[in-house]
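The entries below follow the order in which I checked them.

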Amino acid sequence: MQWLVEHAEGIYRLGVLLGGHIGLYLASKRVAAANRQAEAQIKQADASTRQAELGQRKLISDLFKDAVGQLADEKLEKRLFAIHTLRQIASGDPDDREAVVALLAAYVRNNTHKWGESEPPQDVQVIMHYLASSSRMEQ
């Protein structure tokens with residue numbers, strides 16, 4: 001018992017030191033777990049972003065496909081709507097813009113026989129105006 005009393009302060013300091021080390025160890029484990037959780041959340045956010053981008057690309061692809069089909073429609077309103085849709089698609093991505101310009105230029109080239117020497121129909125005029133303004137924007 002005497003020994004315990006004589007060494008009480010040393011035992012106390014040893015206990016505090018040991019407790020401090022255990023606390024630091026547990027804190028480091030907690031930080032590591034929080035880091036792993038944060039990394040998992042970042043990966044999940046990246047996956048969600050990629051999924052959203054894929055969804056957007058699919059939507060644009062579907063809109064493009066539908067607009068191409070509407071360009072061949074007999075009704076002027078549908079053709080004008082298709083042109084408007086294609087212009088909206090073109091405003092989002094340079095690659096999409098190139099595809100839209102190529103498509104609309106081909107549409108005009110392939111349909112020149114329909115109006116001959118007379119004034120082009122309204123949809124073709126809209127396309128030609130867009131193509132002209134589009135080429136000015138590039139310069």
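This is a predicted model: local features need pLDDT of at least 70, side-chain atom pairs count only at pLDDT 80 or more; totals for chains, interfaces and linings use all residues.

Entry 1, the count. I looked up how many salt bridges the structure holds and found 6. Side chains of opposite charge can pair when their charged atoms come close. I followed up some of the pairs.

I found a salt bridge between R57 and D93, with the closest N and O atoms 3.6 Å apart. This pair links distant parts of the chain, 36 residues apart. R57 belongs to helix α2 (residues 8-71), while D93 is in the loop between α3 (76-90) and α4 (94-110). I then checked accessibility: R57 has a relative accessible area of 39% and is partly exposed. D93 is also partly exposed, at 24%.

Which residues are linked with R57 in a network of salt bridges? I noted D93 and D96.

I found the side chains of D62 and K58 joined in a salt bridge at 3.0 Å, N to O. Is K58 buried or exposed? I read a relative accessible area of 52% for K58, which counts as exposed because the cut-off is over 50%. D62 is partly exposed, at 29%.

D73 has a relative accessible area of 24% and is partly exposed. K78 is partly exposed too, at 39%.

Key:
Residues are numbered from 1 along each chain as its sequence is written. Side-chain values use heavy atoms; hydrogens and water are left out. A salt bridge is a side-chain nitrogen of Lys or Arg within 4 Å of a carboxyl oxygen of Asp or Glu. Helices (H or I, at least four residues) and strands (E, at least two) are DSSP runs, numbered from the N terminus. Buried means under 20% relative accessible area, exposed over 50%, partly exposed in between (1.4 Å probe, protein chains only).
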